[in-house]
Amino acid sequence: MPLTGKERRHLRALGHHLEPVVIVGSSGVTEGVIAAIEQALNDHELIKVKINEGPEGRHEGADSIAEATGSELAQLLGRTALFFKRRKQKSRFEDILKGPHEPRPAPKQDEEKKPRRR
């Protein structure tokens, strides 16, 4: 299920302080890189990946990683990509992505405003 804009924004905020855990080298996105990213996603759920110069560009590399791992691309900033894949069990993002920013209830219109004291 694709991420909504609010979920994507919240994940970008959570991933801001993270360091890249996998670096894609000059060989590009290989099976070994995919295996390392899948393991990191299983362990952390939210990871950064550094995509260096290679046979494919950074956009194509990020798209191929997301497709091969079944993850969502939360952000691509320069050569650093932020990927998210929720675990099926014991996910630490269950409560966070359910709706962390619920709207406040509107004030009741029938109540009169109390005068302000000075």
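Reader: What is the handedness of the crossing in which helix 2 passes helix 3?
Author: Helices here are DSSP runs (H or I, at least four residues; strands are E, at least two), numbered from the N terminus. A crossing is left-handed if the near helix is turned anticlockwise from the far one by less than a right angle, and right-handed if clockwise. Helix 2 passes helix 3 in a crossing that is right-handed.

Reader: What kind of model is this?
Author: Residues are numbered from 1 along each chain as its sequence is written, and side-chain values use heavy atoms, with hydrogens and water left out. Local features need pLDDT of at least 70, side-chain atom pairs count only at pLDDT 80 or more, and totals for chains, interfaces and linings use all residues, since the model is predicted.

Reader: At what angle do helix 2 and helix 3 pack?
Author: Two packed helices are described by the angle between their axes and the distance between the axes. Axes are lines fitted to C-alpha atoms, for helices over the stretch in contact, and angles run from 0 to 180 degrees between N-to-C directions. The axes of helix 2 (residues 31-44) and helix 3 (residues 58-69) are 10 Å apart, and the angle is about 65°.

Reader: Which residues in helix 3 does helix 2 meet?
Author: Contact means heavy atoms within 4.5 Å. From helix 2 come I34, I37, E38 and L41, and they meet, in helix 3, I65, A68 and T69.

Reader: Is A40 buried or exposed?
Author: A40 lies in helix 2, and apart from neighbours within four places in sequence it is in contact with V21, E45 and I47. Buried means under 20% relative accessible area, exposed over 50%, partly exposed in between (1.4 Å probe, protein chains only). Because its relative accessibility is 10%, A40 counts as buried.

Reader: How many Å separate the C-alpha atoms of A40 and V22?
Author: The two residues are 18 residues apart along the chain. Their C-alpha atoms are separated by 8.1 Å.

Reader: How much space lies in the largest cavity?
Author: A cavity is a set of points on a 1 Å grid over the protein atoms alone where a 1.4 Å probe fits but cannot get out, and lining residues have an atom within 4 Å of a point. Grid points are joined across faces, edges and corners, and a volume is the space filled by probe spheres set on the points. Residues lining the largest cavity include V24, I51 and E56. The space in the largest cavity is about 30 Å³.

Reader: What pattern does the protein follow along the sequence?
Author: The protein has 4 helices and 4 strands. Read along the sequence, their pattern is α-β-α-β-α-β-β-α.

Definitions and conventions: On a 1 Å grid over the protein atoms alone, a cavity is a set of points where a 1.4 Å probe fits but cannot get out, and a pocket is an open set with protein on both sides within 12 Å along at least five of seven lines; lining residues have an atom within 4 Å of a point.
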